[in-house]
Amino acid sequence: MATCTRSLWKGCQRQLLRGGGPTSQTTPRNVPIRAFAAVKAQKKDKTEVAEEPKKQKKVINDENRHKPYGKTAWVPVDDVHILRYYPRTIYEAAEAIDMLKNFQKLDFTPHEQPVYVDLRLNMKLEKKKKVDPFISTVHLPHPFKAGMNRVLVFTEDAHQAKVAMENGAAIAGGVELIQPILDDEISADFYIAVPDILSKLVPLKNKLRKKFPKSKRGSVGLHIPKMLELFKTGHEYLVENECYIRTQIATLDMPKEHIFSNLRTVLLDVCSHRPADMGPFIERAIMASHTSEALWFRSQDVLQPEAEKVE
């Protein structure tokens with residue numbers, strides 16, 4: 001009896017599925033849907049929108065104040081004081097050189113230690129343009145290096161190679177020097193070339209990188225003796241981190257006048273890479289020796305012509 005009931009129930013289920021009859025007791029209701037047109041958004045006039053006032057940076061003029069804003073006094077009374085409570089002291093370049101020499105005597109440090117300058121440049125130009133980071137070689141009036149730089153000359157002309165060797169070149173040759181340079185068998189401080197051979201030196205670009213001969217740096221030309229005169233005793237510096245120059249200018253045992261002359265030569269060469277009508281190129285200048293503290297100095301006073309200083 002139970003078997004007959006089960007078979008009958010299964011047969012009823014098949015019939016219901018085939019016929020498309022409802023398998024559940026609840027039936028879905030057909031709800032009528034009406035589509036309405038969307039309301040067009042009204043554009044607000046730009047003039048009606050109240051613009052938020054921009055916060056302007058408050059500039060405080062400390063000229064007529066008895067002390068700078070947020071500081072303790074203009075000048076510290078004691079030799080020992082907390083630096084952040086007083087405005088930074090900016091020295092004259094000549095005064096900063098004298099202080100470095102006095103630091104060396106008081107600290108009993110070596111006389112021949114190097115003197116460095118750290119410059120921050122304003123690389124901005126018109127219409128959101130910037131000065132490209134550059135590498136420059138300058139001839140210092142008072143060199144601080146004892147020896148000469150090794151200079152390699154690329155030329156395929158036998159006469160030019162002979163002239164180069166007579167004027168102090170370490171090595172002179174053509175494309176036969178490419179493979180020894182790639183194998184680190186030959187190296188030099190500077191590489192100069194004549195224009196005719198420049199296209200054949202492309203394999204050395206990745207190897208030499210910044211030392212690869214370029215006309216902008218003055219390392220490509222036909223006047224080989226003049227180029228050798230510059231690069232044999234020349235001092236090279238470059239722009240790092242987009243706007244900083246850190247380079248040595250002298251040694252502390254040199255006379256004060258020689259250090260100042262080298263400093264002025266470097267600053268003038270740096271400022272030649274940007275139009276003068278764009279304003280000051282050097283934003284911040286620091287001088288220091290190997291063991292001393294950093295001294296901020298006024299670069300504009302160094303750049304003034306000698307005639308203006310006398311007046």
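**A walk through a predicted chain**

Thr 155 is buried, its relative accessible area being 3%, where buried means under 20% relative accessible area, exposed means over 50% and partly exposed lies in between, for a 1.4 Å probe and protein chains only. This is a predicted model, in which local features need pLDDT of at least 70 and side-chain atom pairs count only at pLDDT 80 or more, while totals for chains, interfaces and linings use all residues. Residues are numbered from 1 along each chain as its sequence is written, and side-chain values use heavy atoms, with hydrogens and water left out.

Thr 155 sits in the loop that joins strand 3 (151-154) to helix 3 (158-166); helices (H or I, at least four residues) and strands (E, at least two) are DSSP runs, numbered from the N terminus. If residues up to four places away in sequence are not counted, Thr 155 touches Gln 160, Ala 161, Gly 173, Gly 174, Val 194 and Ile 197, a contact being heavy atoms within 4.5 Å.

Within strand 3 itself we find Val 153, which is buried with a relative accessible area of 1%. What does Val 153 touch, not counting residues up to four places away in sequence? Its contacts are Ala 164, Ala 169, Ile 171, Ala 172, Gly 173, Ile 192, Ile 224 and Leu 228. One of these, Ile 192, is 39 residues from Val 153 in sequence, yet their C-alpha atoms are 5.0 Å apart in space.

Glu 236, a residue of strand 6, is partly exposed, at 31% relative accessibility. Leaving aside neighbours within four places in sequence, Glu 236 is in contact with Ile 135, Ser 136, Thr 137, Phe 190, Arg 217 and Thr 247. Glu 236 and His 139 are 97 residues apart in sequence, and the distance between them from C-alpha to C-alpha is 8.9 Å.

Pairs of this kind can be set beside the figures for the chain. Residues 24 or more positions apart account for 66% of the contacts in the chain with a separation of 6 or more. The chain has 9 helices and 9 strands, and 32% of its 311 residues count as buried.

Two of the helices can be followed as a pair. The axes of helix 2 (residues 93-107) and helix 7 (residues 256-271) come within 10 Å and cross at roughly 130°, where axes are lines fitted to C-alpha atoms, for helices over the stretch in contact, and angles run from 0 to 180 degrees between N-to-C directions. That makes helix 2 oblique to helix 7, because angles under 35 degrees count as roughly parallel, over 145 as roughly antiparallel, 65 to 115 as roughly perpendicular and the rest as oblique. On the side of helix 2, Ala 93, Ala 94, Ile 97, Asp 98 and Lys 101 take part, and they meet Lys 256, Ile 259, Phe 260 and Leu 263 in helix 7.
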